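The structure comes first, and the description follows.

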Amino acid sequence: MEEEDAYSAGENGNGEKVDEQRLVAEFESFLRKVYYKQLLEAADGGLALVVDFKNLDEFRPEIADLLLNNPHTIFGVISKALDQMQLPNKVRVRFSNVQQ
């Protein structure tokens with residue numbers, strides 16, 4: 001029986017393995033480059049950060065696909081990315097303009 005990679009987050013909906021550590025780093029990069037100011041405001045105010053799905057799809061289509069096909073995996077990735085950023089308060093992420 002094959003051992004599963006320690007960083008595997010499961011499958012991407014297409015039966016392919018997903019590298020969780022890489023996805024966490026990429027989502028953190030996305031937040032820093034596209035939403036950093038809004039993220040800090042959300043952390044300071046105890047609010048949710050609203051992420052436009054279109055922005056995520058343009059920045060990292062793989063993560064956008066995971067959101068649609070395997071939301072359980074991506075929300076774990078988001079949580080870990082936010083934890084790594086060491087924000088002053090916990091921030092929830094919500095998505096707008098999600099395609100079906």
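Glu26 is buried, with a relative accessible area of 16%; buried means under 20% relative accessible area, exposed over 50% and partly exposed in between, with a 1.4 Å probe and protein chains only. This is a predicted model, in which local features need pLDDT of at least 70 and side-chain atom pairs count only at pLDDT 80 or more, while totals for chains, interfaces and linings use all residues. Residues are numbered from 1 along each chain as its sequence is written, and side-chain values use heavy atoms, with hydrogens and water left out.

Glu26 lies in helix α1; helices (H or I, at least four residues) and strands (E, at least two) are DSSP runs, numbered from the N terminus. Leaving aside neighbours within four places in sequence, Glu26 is in contact (heavy atoms within 4.5 Å) with Phe59, Arg60, Glu62 and Ile63.

Helix α1 (residues 20-34) packs against α4 at an angle of about 110°, with the axes 10 Å apart. Axes here are lines fitted to C-alpha atoms, for helices over the stretch in contact, and angles run from 0 to 180 degrees between N-to-C directions. That makes α1 roughly perpendicular to α4; the classes are roughly parallel under 35 degrees, roughly antiparallel over 145, roughly perpendicular from 65 to 115, and oblique for the rest. On the α1 side the residues are Arg22, Leu23, Glu26 and Phe27, and they meet Glu62, Ile63 and Leu66 in α4. By class, this contact of α1 with α4 has four nonpolar, no polar and three charged residues. Ala, Val, Leu, Ile, Met, Phe, Trp, Tyr, Cys and Pro count as nonpolar, Asp, Glu, Lys and Arg as charged, and the others, Gly among them, as polar.

Helix α4 (residues 61-69) has Ile63, Ala64, Leu66 and Leu67 as its buried residues. Seen down the axis of α4, they fall within an arc of 160°, so they line one face of the helix; the arc is that of the directions from the helix axis to the C-beta atoms.

The axes of α4 and α5 come within 6 Å and cross at roughly 125°. The two helices are therefore oblique to each other. From α4, the contact involves Ile63, Leu66, Leu67, Leu68 and Asn69, and from α5 it involves Pro71, Ile74 and Phe75. These residues divide into seven nonpolar, one polar and no charged.

Helix α5 (residues 71-84) has 14 residues, which at 1.5 Å a residue should span 20 Å; its end C-alpha atoms are 20 Å apart, which agrees. The expected span is 1.5 Å times one less than the number of residues. Buried in α5 are Thr73, Ile74, Val77, Ile78, Ala81 and Leu82. Down the axis of α5, these buried residues fall within an arc of 165°, so they line one face of the helix. After α5 comes Gln86, whose phi is positive, near 50°.

Two further residues have pairs separated in sequence, listed below.

| Pair | Sequence separation | C-alpha to C-alpha distance |
|---|---|---|
| Val93 and Ala42 | 51 residues | 9.5 Å |
| Val34 and Val51 | 17 residues | 9.3 Å |

Val93 is in strand β4 (residues 93-96) and counts as buried at 13% relative accessibility. Apart from neighbours within four places in sequence, Val93 is in contact with Leu49, Val51, Phe75, Ile78 and Leu82. Val34, in helix α1, counts as partly exposed at 31% relative accessibility. Not counting residues up to four places away in sequence, Val34 touches Asn55 and Phe59.
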